[in-house]
Amino acid sequence: MLVKTYAAAVQGISATVVTIEVNCSKGIKFFLVGLPDVAVKESHERIISALQIHGYKFPGNRVVVNMAPADIRKEGAAYDLPLAIGILAASGQIDASRLEHFMLMGELSLDGTLQPVRGVLPIAVKAREAGFRGFIVPQQNAREAAVVDGLEVYGAATIKEVAEFIGGSAALAPVTVHARDEFYARQQQFECDFSDVRGQENVKRALEVAAAGGHNLLMVGAPGSGKSMLAKRLPTILPPFTLQESLETTKIHSVAGRITGGTSLMVRHPFRSPHHTISNVAMVGGGSYPQPGEISLAHNGVLYLDELPEFNRNVLEVMRQPLEDRKITISRTRSTVEYPAGFMLVASMNPCPCGYYNHPDRPCVCTPGAVQKYMNRISGPLLDRIDIQVEIVPVPFEKISASAPAESSASVRERVIRAREVQEARFREYDGMYCNAQMEPKQLRRFAVPDATGLALLKNAMSRLNLSARAYDRILKVSRTIADLAGSPGIASEHLAEAINYRNLDREGWGS
């Protein structure tokens, strides 16, 4: 008897329907074809044990399984469930009439319980697009898949529950998630706040400008000056997620297997902080079976690189293209996948090896030239891609011990949201553009034209600081954001002056 079950293969953050054809006929032996990997081939032993535990029999005759399309590699143990149900239906142990209405995914334990799998959300989206009525997954993945409207999602604990449901002898309750209600209810829940930070008003202002325009930022300061503390609070002032951004971000984390049980949609901007020993592949993604890297896991959020000069130079250089293109393409011999990488880069570093160059109280003990050598660990092209470079000085005792409350994240976020609304209206005719950091030269000539006074100021700064053409563009983008925060339709000289002041590392004599 020939039956078909349906699953999906994930490529990037999208999925392709996989049709699993199972035929039981006279003869002996088990055949699995259709470009399965080792984990899929090993399903044979897991399926035999799971069926025996729950009172079913693995057919003793010839079983041929084909996974179509055959030119797409099938990876992982998530195909255990559709393979097992297909074998049961083909051997006549359950009714196969309802199989065409459902997509199935799940890994089997030897005792027949279902284990969670990766990539459930993009598969659920594909199941709805392909016209399936329902999607059966392990219980741990049910809420993640249930955010997709127009698709019945069923969470099962064992293969017996699935078999009885498909055969019509038992029922499974569909899982319902009120995605919008949960999404908006959890958006403003943060564990930290800007009000926790005493002093550092100039750095808070720089972070506000960065959040308002989506700009990359580098903080340079002595140990203990508050760099990490400030960076971790940046997501609290970013504009709230839209449902579309949340769905896209959740897809990436779903593919990477980072959605915890019981979670439906991600409601806050991701904050990724990899250690400086990270490899190229872990940063940008890849591997034999390509997976998203840190830059994609930080999509629509913040990628924080602490102790920037300590990162391998090659790791930093591979980020240059994604910073411009906001995506990463991973090419392998048999496939090419593309992951989004629209992140804000926030980095911090000490100004020198000892950490006290330019410190107001402690002397720097580095040898002559050591400061410049330390700074040279970061290439000029990467620094050019960082819009805001700000120096941090330690907070004096008077400000640390002050009892007056600092400004909260909520009040800063309100200003950031208003500035982003201005930018969204400005770029409405440009598809995929929503903040000033994304402006190309064409948009700069249209929306970021300084007046005569500002142009003269910028010309003087370019000449004195020996800035590159890319730095010129970055200054215009940041000044446009500062003007938006001020509610100004045009860029004034004071906006340009503040933007130029954020090119700290371009100052004449820095590190020499």
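Two strands pair if DSSP finds at least two bridges between them. Helices (H or I, at least four residues) and strands (E, at least two) are DSSP runs, numbered from the N terminus. By that rule, strand 14 and strand 17 (residues 344-349) pair in the parallel sense over 4 bridges. This is a predicted model: local features need pLDDT of at least 70, side-chain atom pairs count only at pLDDT 80 or more, and totals for chains, interfaces and linings use all residues. Residues are numbered from 1 along each chain as its sequence is written, and side-chain values use heavy atoms, with hydrogens and water left out.

**Whole protein**

- The protein has 22 helices and 18 strands.
- Its C-alpha trace spans about 85 × 50 × 45 Å along the principal axes.
- Of the 512 residues, 53% are buried (under 20% relative accessible area, with exposed over 50% and partly exposed in between; 1.4 Å probe, protein chains only).
- Take the contacts (heavy atoms within 4.5 Å) between residues at least 6 apart in sequence: 74% join residues at least 24 apart.
- The accessible surface comes to about 22100 Å², by the Shrake-Rupley method with a 1.4 Å probe.
- Carbon and sulfur atoms hold 50% of that surface.

**Charge**

- There are 56 positive and 53 negative side chains.
- Lys and Arg count as positive and Asp and Glu as negative; His and the chain ends are not counted.
- The centres of the two sets lie 3 Å apart, with each charge placed at NZ of Lys, CZ of Arg, CG of Asp or CD of Glu.

- An open sheet of 5 strands runs in the order 11-14-17-10-18, with parallel pairing.
- Strand 11 and strand 18 (388-392) are at the edges with a single partner strand each, so one side of each has no neighbour in the sheet.
- Strand 11 (residues 271-272) pairs with strand 14 in the parallel sense over 2 bridges.
- Phe271 has Val302 as its bridge partner in strand 14, and Arg272 has Leu303.
- Toward strand 17, Tyr304 stands opposite Val346.
- Val302 and Tyr304 point one way from strand 14 (residues 302-305), while Leu303 and Leu305 point the other way.
- All four of these side chains belong to buried residues.

**Helix 10**

- Helix 10 (residues 243-255) has 13 residues and reaches 18 Å from its first C-alpha to its last.
- That is close to the 18 Å expected at 1.5 Å a residue, taken as 1.5 Å times one less than the number of residues.
- Its buried residues include Glu245, Lys251 and His253, along with Ile252 and Val255.
- Gly257 follows helix 10 and has a positive phi, near 75°.
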